[in-house]
Amino acid sequence: MTYDDFVDASLAGLSRYALMLAGDPHTAQDLVQETMVRARERWHRVSVTASPERYVRRMLTNLYIDWHRAPWRRRVHLRADPAEWAVPDDHAQRAADRDEIWQALTALPRQQRAAVVLRYYEDRADQEIADILGCSVGAVRGYISKALSTLRARAGAAQLSTGGFR
Amino acid sequence: MIEELLRESFARHEAQAPATETLRRGIDALATRRRHRRTAVLTGGVAATVAVLLVAVTVIVRQLAPVVGNLPTVPLPGHVPDRALNILLLGLDTRPEFPPPYRSDIVSVVHVSEDRNHVYLVDIPRDLLVDIPGHGEDKLSSAHAFGGPQLSATVVENLTGLELDGTVTVDLGALRELADILGPVPVCLPFSMSVSTDGRTFEPGCYTLDSDDVVDIARERYNVPMGAISRAANVQRILVGFAEQAASLDLLGDADQLAALLAIDGITIDLPDIDPVALAAQLRGVAAADIVGIADPFHGAADRIVLLPSGASVMLLDQQVAPQLFSALHDETLADFVAAHPDWVSTSVLG
């Protein structure tokens, strides 16, 4: 597989994966671009791995987990002031609940978020997730179970604070 | 239930994923910039310090000491001024495929206390914006490319107000050789990091590193939390690791090892008034635990990074703490400084 073939086949998927990890398109773009430049530089080594697609996902995931912490990579996430929100109707309330989940994802440690994205967005098997994260299957299950209980607790709290008991 | 909410939330946000055309252009642009920077990237690396030298020689002499000590009065060769010393340690990553001039990747003041019981490695960030006489404002690392160790020393003297006793310039090759001779080096990393060349990762924790690990970690300034700042702190950790490892070996009993250590090249010493061997003899009371690395923790202060018109980003001094550090160097009160600013100690993060 040539680098160009790889880009044609995988770039859109990597872009969506990076967005789900990073939570915002700008960081996602940085992650994909940096990963792909590195993949291209050493394509002769990437291309001989069993699954270049998985290898590059692993590179991107490592970059997200480690490199993201550099201060100049940190971005200020601007959020609308809650006071400016319109009073939600039922439909908007359901949408907001889903956004609560999106917000809650930002609170997860990065390994946990990556595990959750790989299972619930990419529908990957635990073994594959373990390969991408470079950890054991047991650790993958631990990440996901911890992440889900954090998300449940956050979703519950959000419902309370928006008067969800009707 | 929560799983369904997750799937819905992911699906809702798919549309925000960057467009592939945008990404393709971005990748090409980044790759082009990277190629232009290639020289800097590849030489961007390591160095060791006077510390390596001091550490290696110190340990040798310390192990010789029991023998030498039996003689009533052994006149030590050479001379060392009878006061605290400040020696500039410059680390270069020279390689045959890249011609000089080289920038200095590590700039560190090695401070030896007057009582010779303590050694401090004070890192000066190589990306610091400084005034380079004859060349205007630029990165500290460029001073070496413009005027070698001499000009680097002048810039550091102007910056800190210190009078330096000389320079020691160490090449990356010396670091690898040192690690090869001394064996696995104990190093504790306070953060997780990965190695650019092959992506292998190190979680926070303590390791015994082989010479490849040592060189890769000392070179890495991308996949560490704070770039060149984290790298400089890692180099300090490695130097202290050398000291620990060296102390655990019977260097005196192993003639081959001793000969190999003394034969390491890639270390250039310019210490007009100091005999390094005599200094090492004076330092025999210093244990690895007495060598303290001091480095700007930076604390993610993005407002201290400035983009120059050339496109290079440079770093500004911590206006509050750096002057205190320079006074402490001058007044020989680094112990007080360290007590007041424990977050500036790079070598004891994990105890």
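Author: Chain B contains 12 helices and 14 strands; helices (H or I, at least four residues) and strands (E, at least two) are DSSP runs, numbered from the N terminus. The part taken here is helix H7 of chain B, residues 211-219. This is a predicted model, in which local features need pLDDT of at least 70 and side-chain atom pairs count only at pLDDT 80 or more, while totals for chains, interfaces and linings use all residues. Residues are numbered from 1 along each chain as written, chains are lettered from A and ligands numbered from 1 in the order written, and side-chain values use heavy atoms, with hydrogens and water left out.

Seven of the nine residues of H7(B) are buried, so the helix is largely enclosed by the rest of the structure. Buried means under 20% relative accessible area (1.4 Å probe, protein chains only). The buried residues are B:Ser211, B:Asp213, B:Val214, B:Val215, B:Asp216, B:Ile217 and B:Ala218. At the start of H7(B), the backbone nitrogen of B:Asp212 lies within 3.1 Å of a side-chain oxygen of B:Asp210.

As for the setting, 54% of the 351 residues of chain B count as buried. Of the contacts (heavy atoms within 4.5 Å) in chain B with a separation of 6 or more, 70% join residues 24 or more positions apart.

Confidence comes last. The mean pLDDT (the predictor's confidence in each residue, from 0 to 100) of chain B is 78, and 76% of the residues score at least 70. The model scores ipTM 0.81 and pTM 0.54.

Conventions. Buried < 20%, exposed > 50% of the residue type's maximum accessible area, 1.4 Å probe, protein only. Polar contact = N/O pair within 3.5 Å; in protein donor to acceptor, adjacent residues only side chain to side chain.
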